[in-house]
Amino acid sequence: MRRTTLTLPAAPVGPASPLPAVRAPGDVHRVELSEDLDLPPDMARQLRYAPLDSLLPVSVRDGYGRTRADTALDALVIENDRLRATVLPGLGGRVHSLHHKATGRELLYRNPVLQPANFALNGAWFSGGIEWNIGATGHTALSCAPVHAATVPAPDGGEMLRLWEWERLRDLPFQVDLWLPEGSDFLHVGVRIRNPHLNAVPTYWWSNIAVPEGEHTRVLAPAEAAWHFGYEHRLRRIPVPESDGADRTYPLRSEFPADHFYDIPDGERRWIASLDGSGHGLVHTSTDTLRGRKLFLWGAGRAGRRWQQWLTEPGTGGYAEIQAGLARTQLEHVRLDGGAEFAWLEAYGPLAADPAAVHGADWTAARREVGDRLEAALPRERVEAAFAAWRPHADLEPKETLATGSGWGALERARTGHDLPGTPFAESTLGPEQRPWLALLHTGDFPREAGVPTAPLVSAPWRDLLESAPSGPATDYHLGIAQWHAGDRAQAVRSWERALAHGTDCRPLYCLAVAEETEGETARAAQRYAEALACVPDEAAEAENSTAATEHPTEPEETATAPTERTAKPEESAAAPAEHTAPLLPALIRAAVPVLLAAGRTDEAAAALDRLPAAARANGRFALLTAQVALAQGDAPAARAVFDRGFEVPDLREGDEIISDTWYAIADRLTAGTGPVTPAVRARARAEHPLPARYEFRMREV
């Protein structure tokens, strides 16, 4: 095992939003279950069990742009004579590369750039490699966050890389142990999620593997049926491999992006493989606790191709995802009782199978061929034996620290005294975000000189501490957030109103605006937003210009270069920078303008955009808002001109159709003139004003 530095063209992840995540998260994974859908009882129960209804206490990460520059990333390399795995501890512990030395093959889709995009639960995420998704349905909130890393003795006497962190959405510690047994073609990964609390907690895990996508790439699993889930939010059972006239095990034979959750019969070995036209590729297997297997494909349609370009460098190859999780589908959460844990072993390695069998018309023969080749390369009993050998090592204390994650685990340990062998959350990891909360824990009050902490805590024990603390700007603001998260909306509003009385900044007004918006009180929400905007002086906005320029750039992307690697000395691996937040005014304007428009306060929306610092106006999100304001003011040509000039919305959300919706609203008005927008007008508008390819992000058939 060694440290290294990986250099990639990267867009900085940027700061967290300065506004608390009191809005409900998007519904991209909302399931609409039909009455006639016959679900297994445990699956039906878990589909309805504790869906995520709040991002609190995590912050939204939307401070990135699309300008990339060569960036040095701390990396850790695990290597034996057969494989080399490269891990990025500063980016969720992502396995960036898995290189098979014997054949010279890269087994993963290794993204040549690092381009954040809005796919994680809390925003920033990037594609490629192997990621560890914990928390709730979707990509983890830790996608672009540092995790703790250290060496630990491996079961075979060598070294193991341990990654661990405290997942804040569910308040659960987890660990990922990676090692390469001598002479092995398979990366071994031991995973453990622990519930140190007395109460049961909804749990979620999916290991997500990006694999190269090619015309002849086929994904195989031991199943004859799958649960199909697309961006229409419908779940349906389909046969494997063919449905609706096409073989869906080939990612490029579908038009639209979709999930296929393979229904593997009980007792069957759990595995999934992605093999190219020559029968070569990657296979993943595990112990039976990791039950589910999934294929995500982008499809060959215009939108899927656009998203592939969006996430990497145009002209490079695309990818699909093969995944493994705790439940049949990613739409479920699994109950983890108090004091209990989930633990399992995964293995990742190369596979070579007979291409005639893999790509033959006989699906039974194809999956038998792959299953037999896997059994020959890595027998099922050997995986079980490796898991049993790893279990005693899961509690071993780390030897050498290689990277440092957040201080949230240390804060929870200070509050509870939890003893978590193998995953120490050291007091030394406590940072500026945790120290005000540590003071509250020890003194019963926030330090007055600290101001209002930007990172909230919302669990019941912290809410109790806030309720017992003396009233003050920080206490009342954060108490309102905790009460809002708990569903006590009336008390939350009272707490935020008390915070205002203390003369704190505009964030309680923002929270009150969201509260009105949530209740459908658009006019009152707009008024609250107007008040919040009024309390942020333009002088502060101008002072933020230089910061905004680095956080929201939209200049043309640089040409990607191949990643380079050099050996680094231990002292060169810098710790992750302290958390910081974006300028307040642009974040507030972004939230306020749509509500001001909905309330008919169009001129105020335009005035709010005029207050933006010059650097922030270059962000494509504000260009889109500018077009929407112009349309609301009756100036459709000006709105269309914004699109004609061109813009990119760096944090466009997965499944969001706001760009195409705005384009067609402008087209309708340009076509109708001063007349009504009739169905005939709409049809003519779509014929005369087709959506340009650069704005095509619709992930479903429209």
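Helix H15 (584-598) gives the largest share of the lining of the second largest pocket, six residues. The model is predicted: local features need pLDDT of at least 70, side-chain atom pairs count only at pLDDT 80 or more, and totals for chains, interfaces and linings use all residues. Residues are numbered from 1 along each chain as its sequence is written, and side-chain values use heavy atoms, with hydrogens and water left out.

**The second largest pocket**

This pocket has a volume of about 1,200 Å³. A pocket here is an open set of points on a 1 Å grid over the protein atoms alone, with protein on both sides within 12 Å along at least five of seven lines. Lining residues have an atom within 4 Å of a point. Grid points are joined across faces, edges and corners, and a volume is the space filled by probe spheres set on the points.

The pocket is lined by 44 residues. Closest to its centre are Arg-23, Asn-118, Arg-590, Arg-653 and Asp-656. At least two lining residues come from each of helix H11 (507-518), helix H15 (584-598), helix H18 (620-632) and helix H20 (658-672). Helices (H or I, at least four residues) and strands (E, at least two) are DSSP runs, numbered from the N terminus. By type, the lining holds 21 nonpolar, nine polar and 14 charged residues. Ala, Val, Leu, Ile, Met, Phe, Trp, Tyr, Cys and Pro count as nonpolar; Asp, Glu, Lys and Arg count as charged; the others, Gly among them, count as polar.

**The largest cavity**

The structure also holds eight cavities of 30 Å³ or more. A cavity is a set of grid points where a 1.4 Å probe fits but cannot get out. The largest cavity contains about 210 Å³ of space. Its lining has 23 residues, and His-29, His-139, Asp-259, Lys-294 and Glu-654 are the closest to its centre. Strands E16 (225-230), E20 (258-262), E23 (292-297) and E24 (319-325) each give two or more residues to this lining. The largest share, three residues, is from E24. The lining of the largest cavity divides into 11 nonpolar, eight polar and four charged residues.

**Salt bridges**

There are 46 salt bridges in the structure. The term means a side-chain nitrogen of Lys or Arg within 4 Å of a carboxyl oxygen of Asp or Glu. Three of them are listed here.

| Salt bridge | N to O distance |
|---|---|
| Lys-101 and Glu-79 | 2.8 Å |
| Asp-185 and Arg-82 | 2.8 Å |
| Asp-288 and Arg-380 | 3.1 Å |

Lys-101 sits in the loop between strand E4 (94-100) and strand E5 (105-106), and Glu-79 in strand E2 (residues 69-79), so their bridge ties together parts 22 residues apart in sequence. Lys-101 is partly exposed, at 30% relative accessible area. Glu-79 is partly exposed too, at 33%. Partly exposed lies between buried (under 20% relative accessible area) and exposed (over 50%), with a 1.4 Å probe and protein chains only. Both residues belong to a network of salt bridges that also links Arg-2 and Arg-84.

Asp-185 and Arg-82 link distant parts of the chain, 103 residues apart. Asp-185 is in the loop between strand E11 (172-179) and strand E12 (187-194). Asp-185 has a relative accessible area of 22%, and Arg-82 has 26%.

Asp-288 and Arg-380 are 92 residues apart. Asp-288 lies in the loop between strand E22 (280-286) and E23, while Arg-380 is in helix H5 (residues 380-390). Asp-288 is partly exposed at 36%, and Arg-380 at 26%.
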